[in-house]
Amino acid sequence: MRRAKIVGLGAYAPKRILTNKDLERMVQTSDEWIVQRTGIRERHIVDESEATSDLAVRAAQQALERAGVEPEEVDFIVVGTTCGDMAFPSTANLVQHRLGCRTAGSADIYAACTGSIYSLSIGAQYIQTGKYRTVLAIGAEALSRISDFTDRSTCILFGDAAGAAVLRPSDDASGILDTDLYSDGQYWDLLYQPAGGSRLPASHETVEQRLHYAKMKGSEVFKVAVRMVGESAVRILERNGFKPEDVDLFIPHQANLRIIEAAMKRLGFPMDRVVVNIDRYGNTGSASVYVALEEAWSLGRVRPGDLLLLAAFGGGLTWGAALIRW
Ligand code: ACO
């Protein structure tokens, strides 16, 4: 089997910025509390005219341009998202049309914030089996649309963004070495959007009770997340014969700086080899690992031959990791 390789990266965040000071005027919170408890200083959020697919298209266009790949060459598009433009058609379907990707297959994957690792893993499988030559793997979110700006325990966390990777078969030792995907549905009610699905369809009551917004038991997610990120990182490294010290750069899901620091402490991994951009983006769900990877690459922190470890967790709960030789 041939490895899949990332041949182009793209990222996009909406222009509008919501700072902690702005949030101080909306809910009872403070810049100091948010920075200390989460590491977040500001986040980008969509304006009235923008939706998830708009962000996805911008990130994908940049990734395709950098890869030197024409939209007509794309065989399959997979979008990780928590809040697509609508229940159906899929956001990937809208992206396929807007990019001009002929009639390429397209599908959304719902794994909450692990949508980055899930979309990358699923995209990579199609390359590895030889089914497709060019796959577009995207993570895109407009989480501000499902954030309750009267609930200080959630609205301070989330931001909007998209990231994209063009995958092609590798002809050398570089590429996606391995991926791991996990889920445990017993934790479904730690983080979920109660209404709008077949369990609780939209009604006047659901709107009045604000049930179309994300609900979260934050401190419980926190504890499980630290354990999951650590365990999945150790497992994928061991299976591939590596130790934490072999990793050049760790790119974790950006949910909370304290979660990242606690997970790295557990692993004994130094923070100077960890990519952190949560201060400027907040938690951008499925987009976060792509956006952090793109930023690290743009800044020259990713060099040919580097071993990269990607890890994420999210509602569901879901979690997973990926190992890449750049
Ligand atoms: N401003 C000021 N005070 C606040 C705020 C706020 N924005 N939010 C909560 N508080 C208060 C609480 O009311 C509580 O007050 P009390 O002690 O008087 O009851 C106090 O701060 C402590 O609350 P905790 O919830 O215990 O605070 P914690 O340190 O756990 O931080 C946080 C909360 C930031 C949500 C943290 O638990 C966290 O990041 N959890 C993980 C969340 C996460 O990663 N979710 C995303 C998963 S990925 C996905 O799928 C989208």
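At what angle do helix 3 and helix 4 pack, and how far apart are their axes? In this predicted model, the angle between helix 3 (residues 52-67) and helix 4 is about 50°, and the axes lie 9 Å apart. Angles of 65 to 115 degrees count as roughly perpendicular, and those under 35 degrees as roughly parallel. Helix 3 and helix 4 are therefore oblique to each other. Their crossing is right-handed. Helix 3 contributes Thr52, Ser53, Asp54, Ala56, Val57, Ala60, Gln61 and Leu64 to the contact. Helix 4 contributes Thr91, Leu94, Val95, Arg98 and Leu99. By class, the residues of this contact are 7 nonpolar, 4 polar and 2 charged.

Helix 8 (residues 218-239) packs with helix 9 (residues 257-267) at an angle of about 45°. The axes of helix 8 and helix 9 are 9 Å apart. This pair is therefore oblique as well. The crossing of helix 8 and helix 9 is right-handed. On helix 8, the contact involves Phe222, Ala225, Val226, Arg227, Val229, Gly230, Ala233 and Val234. These residues meet Arg258, Ile259, Ala262, Ala263, Arg266 and Leu267 of helix 9. The contact of helix 8 with helix 9 comprises 10 nonpolar residues, 1 polar residue and 3 charged residues.

The loops hold several backbone features. The peptide bond from Phe88 to Pro89 is cis, with omega near 0°. Pro89 sits in the loop between strand 4 (76-80) and helix 4 (91-99). Beyond helix 4, in the loop between helix 4 and strand 5 (105-109), lies Arg102. Phi of Arg102 is near 35°, a positive value in a residue other than glycine. Another cis peptide bond joins Gly316 and Leu317, with omega of about -10°. Leu317 belongs to the loop between strand 12 (307-314) and strand 13 (318-325).

Around the ligand are 26 residues. Of these, Thr29, Arg37, Cys113, Asn256 and Gly315 come nearest. A nitrogen atom of the ligand lies 2.9 Å from a polar backbone atom of Gly218. Gly218 falls within the residue range of helix 8 (residues 218-239), the helix that packs with helix 9.

Technical notes: Residues numbered from 1 in each chain as written. Predicted model: local features only at pLDDT ≥ 70, side-chain atom pairs only at ≥ 80, totals over all residues. Heavy atoms only, no water. Axes fitted to C-alpha atoms, helices over the stretch in contact; angles between N-to-C directions. Helix = DSSP H or I, 4+ residues; strand = E, 2+ residues; numbered from the N terminus. Parallel < 35°, antiparallel > 145°, perpendicular 65-115°, else oblique. Left-handed = near helix turned anticlockwise from the far one by under 90°. Contact = heavy atoms within 4.5 Å. Nonpolar A, V, L, I, M, F, W, Y, C, P; charged D, E, K, R; others polar. Near = heavy atom within 4 Å. Polar contact = N/O pair within 3.5 Å; in protein donor to acceptor, adjacent residues only side chain to side chain.
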